[in-house]
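Let's take a friendly walk through this model, one stop at a time. Keep the viewer open as you read.

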Amino acid sequence: MPEVSDSPIPLQPARPRLENIDVLRGLVMVVMALDHTRDFLSHDALLFRPLDLTQTYAALFFTRWITHFCAPVFCFLAGTAAFLSSTRGKTKTDLARFLITRGLWLVLLELTVMQFAWTFNFDIHSSGGGVIWALGWSMVALAALIYLPVWAIAAFGIVMIGTHNLFDSVPPEAFGSLGWLWNVLHAGNPIHLSPTYTFYIGYPLVPWIGVMAAGYAYGAVVKLARARRRRRTLWLGIILCAAFVVIRATNVYGDPFPWSRQQSLLFTVFSFIKCEKYPPSLLYLLMTLGPSFIVLALLDDTRSYPPDYGFGLAGVYAVWLLVVIALYPVCRWFAEVKQRRRGGWLSYL
């Protein structure tokens, strides 16, 4: 029998996980669940768009707006996770192979499982590329980018994020027979592949590929000592937030829809932070990634457990009794099920 140690749980593990990244991803998953619940069950969703300032109300606007953080955080941190994989024994060839296979798998899931999950039918006349589609193709693109120096990957991501709005006015027709490719990369218009089949581009790949590339480069910051990492992440968040406010205030560049004064101060603020997601504008990404960096920095604590963590022995016994009492009816029900039914899948439990 292995010996069980009675030593206390260390306040800082020998190989600390990046809990701040895990927590942030968990938070955006919870918010994403709210968005999907609203999308399926909200009566207002059948009548008008929640960000339509002429019809919405404050609670509905904020419920939709807060979910804007989900896709950028997922995409950015997916790139960071890829960088961290390269520091844990994977060669670039191994990582590239993983990114390609996982990316194509995500695309397949988007076109099959997610298609059914959104529509509850197997429509043979249309399909679409959503956020999982964009994540998948971004991974495939990142598989090629990882062979570049980290600074070059960072430059690629920043330039793509910062300049793609310059091409908002370029129509797909400018590319002739390759107009469909411009729709996939930037414009996001439906592609009519045949008289009876249409492919809808919900998430054009630019600038999502750049977001994932920037996330990969951020991995170099994550590997720094905690104090330096936290300081740089915090300043990065502050700079991006300040850039959003300054650029948005000018109404010159960064989003195809300028803000304007509304009937109240609150709705003027709503107009200011209402940025285009399809495709994500420069200001949309500054508005979402900036605060996300600040949250990452604040969550990057030096301890896994606070000094006053836990209960005394009396508290331990109290929680133990609560757990046993709570589990008793479930265990009794399962025992009765096993008495009535023998064999099969129950033998594995």
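Where is the place of Pro-279? Pro-279 sits in the loop between α11 (265-273) and α12 (282-299), where helices (H or I, at least four residues) and strands (E, at least two) are DSSP runs numbered from the N terminus. The peptide bond that leads from Tyr-278 into Pro-279 is cis, and its omega is near -5 degrees.

Before going on, a word on the ground rules. This is a predicted model, in which local features need pLDDT of at least 70 and side-chain atom pairs count only at pLDDT 80 or more, while totals for chains, interfaces and linings use all residues. Residues are numbered from 1 along each chain as its sequence is written, and side-chain values use heavy atoms, with hydrogens and water left out.

Now zoom out. The protein chain has 13 helices and three strands, and its C-alpha trace spans about 70 × 55 × 55 Å along the principal axes. Of its 349 residues, 39% count as buried; buried means under 20% relative accessible area, exposed over 50%, and partly exposed in between, with a 1.4 Å probe and protein chains only. Among contacts (heavy atoms within 4.5 Å) with a separation of 6 or more, 70% join residues 24 or more positions apart.

Pro-207 belongs to helix α9 and is buried because its relative accessibility is 0%. Setting aside neighbours within four places in sequence, Pro-207 contacts Met-160, Ile-161, His-164, Pro-280 and Leu-285.

Two of those partners, Met-160 and Ile-161, also take part in the packing of α7 on α9. Two packed helices are described by the angle between their axes and the distance between the axes. Helix α7 (residues 150-163) and helix α9 (residues 205-222) pack at about 145 degrees, with axes 7 Å apart; axes are lines fitted to C-alpha atoms, for helices over the stretch in contact, and angles run from 0 to 180 degrees between N-to-C directions. By class, this contact has 15 nonpolar, two polar and no charged residues. Here Ala, Val, Leu, Ile, Met, Phe, Trp, Tyr, Cys and Pro count as nonpolar, Asp, Glu, Lys and Arg as charged, and the others, Gly among them, as polar.

Helix α9 also meets the buried residues of α4, which pack against α3 (70-86), α5 (113-119), β1 (126-129) and α6 (131-145) as well. Helix α4 (residues 92-111) has 20 residues and reaches 28 Å from its first C-alpha to its last, close to the 28 Å expected at 1.5 Å a residue, the expected span being 1.5 Å times one less than the number of residues. Leu-95, Ala-96, Leu-99, Gly-103, Leu-106, Val-107 and Glu-110 are buried in α4. They lie on the same side of α4 because they cover an arc of only 100 degrees around the axis, taken from the directions from the helix axis to the C-beta atoms.

Two last stops remain. Arg-64, in helix α2 (residues 58-65), counts as buried because its relative accessibility is 10%. Beyond residues up to four places away in sequence, Arg-64 touches Asp-35, Arg-38, Pro-50, Leu-51, Lys-277 and Tyr-278. Finally, Asn-251 is found in the loop between α10 (226-250) and α11. Asn-251 has a positive phi of about 60 degrees although it is not a glycine, and it is partly exposed, with a relative accessible area of 34%.
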